[in-house]
Amino acid sequence: MTQPARPLLDVRDLAVTFPLPARGLFGRGREAVQAVAGVSFSVHRGQTLGLVGESGCGKSTTGRAVLQLLKPTAGSVAFDGLPIHEWWVRRGGRWAWDSRLHDLRRRMQMVFQDPFASLNPRMTVEAILAEPLRNFGLAAGRDRRERVQRLMETVGLDPRFIRRYPHEFSGGQRQRIGIARALALGPELLVADEPISALDVSIQAQILNLLGRLREELGLTMIFIAHDLAAVRHVSDRIAVMYLGRIVEEADARQLVAAPRHPYTQALISAVPLPDPVRERSRDRIVLAGELPSPVNPPSGCPFHTRCPLREERCIREVPPLVAIAPGHAVACHLVESPPLPASPVSRHS
């Protein structure tokens, strides 16, 4: 029997904690925000993993820690078998990348959420797209300009506009420029951090289709981060649902939408509008009470128990592990380990 291919990205027990300023006269009462708490997942070459959840659940922090834009507090991140979480050095009392991590940056890139803030307003588009090429010594002179023009064409922009500044483009065009910059070095892994949340609804589908096309043409491996489950489902092969810094369910995209097992996932899916007005009016909605708890003072036991309509005494005491309930389908819920959860309102009509 052939051995399964090694994943391009393998994340195990990833944790990221941000210390808060000390309180009180003598600095007592120091608190910390645990933004990511023991996240594990793998992404194979050519695959797209969607990370979905409410704002503040740790999705973007996970993406940045995977790319080592943030130093993880604990856990491991292996890229193509390389333990990149270890490639940090102390310089002047602060952590910094060593040369290996800098060189690996060519293979891992990120598309940022806000196209208005992620582009330097004082640089032309040509300078923005040429900067990574210049930093890594990949092209110069006419060759560099030709590569910049090809990048513009790749993302659907007119290469004649490379002398313009970011403010001369629309929001959707600016996001295309951000995608072009991420593609400039020919990366293998692309992390898209909510790339459509700052755009008009009419433009969002265009960016989603562009990312889908680029994945097919360039063979990209992607992590697509969003709070919109419908968008994540559109571009992802697998979906991981996050809640308060933890993954509570992970499965194949179609399987997760058709048969969600975690009550939080069921609530997310029930909030996605259906294109059929008759089915939309007839289905039941799952409305969660309360707000997302503070990561500064997370609840005991299952992090979702404060809003879960099915919680039991065990949920308050014990943190449920993420366990496989079927091939490729894992859930962190005590109720899934024993009797099955009630059927989702969406799954009855899908």
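Helix 9 (residues 263–270) has 8 of its 8 residues buried, so it is largely enclosed by the rest of the structure. Buried means under 20% relative accessible area, exposed means over 50%, and partly exposed lies in between, with a 1.4 Å probe and protein chains only. The buried residues of helix 9 are P263, Y264, T265, Q266, A267, L268, I269 and S270.

A word on the model comes next. This is a predicted model, where local features need pLDDT of at least 70, side-chain atom pairs count only at pLDDT 80 or more, and totals for chains, interfaces and linings use all residues. Residues are numbered from 1 along each chain as its sequence is written, and side-chain values use heavy atoms, with hydrogens and water left out.

Now take the whole protein. Its secondary structure comes to 13 helices and 14 strands. Helices (H or I, at least four residues) and strands (E, at least two) are DSSP runs, numbered from the N terminus. The protein has 350 residues, and 48% of them count as buried. Its accessible surface is about 17,100 Å², and 51% of that belongs to carbon and sulfur atoms. These areas come from the Shrake-Rupley method with a 1.4 Å probe; for residues, only the protein chains shown count as cover. Contacts tell us about the fold too. Contact means heavy atoms within 4.5 Å. Among contacts with a separation of 6 or more, 64% join residues 24 or more positions apart.

Next, look at a pair of helices. The axes of helix 3 (residues 125–135) and helix 5 (residues 171–183) come within 8 Å and cross at roughly 25°. Axes are lines fitted to C-alpha atoms, for helices over the stretch in contact, and angles run from 0 to 180 degrees between N-to-C directions. Helix 3 and helix 5 are therefore roughly parallel to each other. Angles under 35 degrees count as roughly parallel, over 145 as roughly antiparallel, 65 to 115 as roughly perpendicular and the rest as oblique. On the helix 3 side, V125, I128, L129 and P132 make the contact; on the helix 5 side, I177, A180 and R181 do. By class, this contact has 6 nonpolar, no polar and 1 charged residues. Here Ala, Val, Leu, Ile, Met, Phe, Trp, Tyr, Cys and Pro count as nonpolar, Asp, Glu, Lys and Arg as charged, and the others, Gly among them, as polar.

Stay with helix 3. Its buried residues are V125, E126, I128, L129, A130, P132 and L133. Their cover includes helix 4 (141–154) and helix 5. After helix 3 comes G137, whose phi is positive, near 60°.

Two other residues have a positive phi. Q68 is not a glycine, yet its phi is near 65°. Q68 sits in the loop between helix 1 and strand 4 (74–79). Q68 is buried, with a relative accessible area of 0%. E194 is not a glycine either, and its phi is about 45°. The loop of E194 runs between strand 9 (189–193) and helix 6 (201–218). E194 is buried, at 7% relative accessible area.

T62 lies in helix 1 (residues 59–66), and its relative accessible area is 0%. Beyond its neighbours within four places in sequence, T62 touches L14, V36, V39, F41, L51 and M242. V111 belongs to strand 8 (residues 108–111), and its relative accessible area is 1%. Setting aside neighbours within four places, V111 is in contact with Q175, I179, A182, L190, V191, A192, D193 and P195.
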